[in-house]
Amino acid sequence: MVSTEENASPGLLAPLKDPTFRSILVASQLSSLGWLMQTVALGWLMATVSSSEVLVALVQASSTLPAFFLAVSVGAIADNYSRRVVMIVGRSLMMAASAMLTILMAFGIHDPWMILAFSFLDGCGIALSDPCRRRSKTADKQRQEPKRWREQRRSPARSSTSAVAGDRLCGAVLII
């Protein structure tokens, strides 16, 4: 006879029962909030330093383009090296870029290209540490879920259905 605990589906809030998961989730959300506030502040700073709308738009682009350009190589780094070390290097790069920008602003050095360069370095730090952080969350979750759920998730029928649905959705978007 199968126990009811084994048949019970995991609740939406079940991962929050784990204190490690909870602390990582809260820390990553606070970090993301800080990064968003910094990006808005950099855009505002660029708007006060330069009258060019293009430079203001480039602040956002310079902080998000590293994730786009470095996605494949950073994924390989995250898979082949210690996730903890890669996350620490990425966060250290972000901290150094933010600290240097703060120090230069305190001394009155307000160059638009310098703001873009430090925003790009900050984006590189995010691009470096984000895949490791996401993979760590997934690995913790996979260790905790029962074998039966892992087998269901890897079902060929599920993956092929998702692929077909994705193709149809892309086709519909392209037609519109």
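Trainee: Before we start, what should I keep in mind about numbering and confidence?
Mentor: Residues are numbered from 1 along each chain as its sequence is written, and side-chain values use heavy atoms, with hydrogens and water left out. Since the model is predicted, local features need pLDDT of at least 70 and side-chain atom pairs count only at pLDDT 80 or more, whereas totals for chains, interfaces and linings use all residues.

Trainee: How many helices and strands are there in the protein?
Mentor: The protein has eight helices and zero strands, and from the N terminus on its elements run α-α-α-α-α-α-α-α. Both kinds of element are DSSP runs numbered from the N terminus, helices being H or I with at least four residues and strands being E with at least two.

Trainee: And what share of the residues is buried?
Mentor: Buried residues are 26% of the 176 in the protein, where buried means under 20% relative accessible area, exposed over 50% and partly exposed in between, with a 1.4 Å probe and protein chains only. The accessible surface of the protein comes to about 12200 Å², and carbon and sulfur atoms hold 68% of that surface.

Trainee: Switching to packing, at what angle do α2 and α3 pack?
Mentor: Helix α2 (residues 19-49) and helix α3 (residues 53-69) pack at about 150°, with their axes 8 Å apart; axes are lines fitted to C-alpha atoms over the stretch in contact, and angles run from 0 to 180 degrees between N-to-C directions. That angle makes α2 roughly antiparallel to α3, a label for angles over 145 degrees.

Trainee: Which residues meet there?
Mentor: From α2, Trp 35, Thr 39, Leu 42, Gly 43, Met 46 and Ala 47 meet Leu 55, Val 56, Val 59, Gln 60, Ser 63 and Thr 64 of α3, contact meaning heavy atoms within 4.5 Å. By class, the contact of α2 with α3 has seven nonpolar, five polar and no charged residues; Ala, Val, Leu, Ile, Met, Phe, Trp, Tyr, Cys and Pro count as nonpolar, Asp, Glu, Lys and Arg as charged, and the others, Gly among them, as polar.

Trainee: Where is Gly 75 found?
Mentor: Gly 75 is in helix α4 (residues 71-80), and its relative accessibility of 21% makes Gly 75 count as partly exposed. The C-alpha atoms of Gly 75 and Ser 129 are separated by 9.9 Å, although the two residues are 54 apart along the chain.

Trainee: What about Ala 117?
Mentor: Ala 117 lies in helix α6 (residues 112-144) and is partly exposed, with a relative accessible area of 40%.

How values were computed: Areas by Shrake-Rupley, 256 points an atom, 1.4 Å probe, with all protein chains shown as cover. Parallel < 35°, antiparallel > 145°, perpendicular 65-115°, else oblique.
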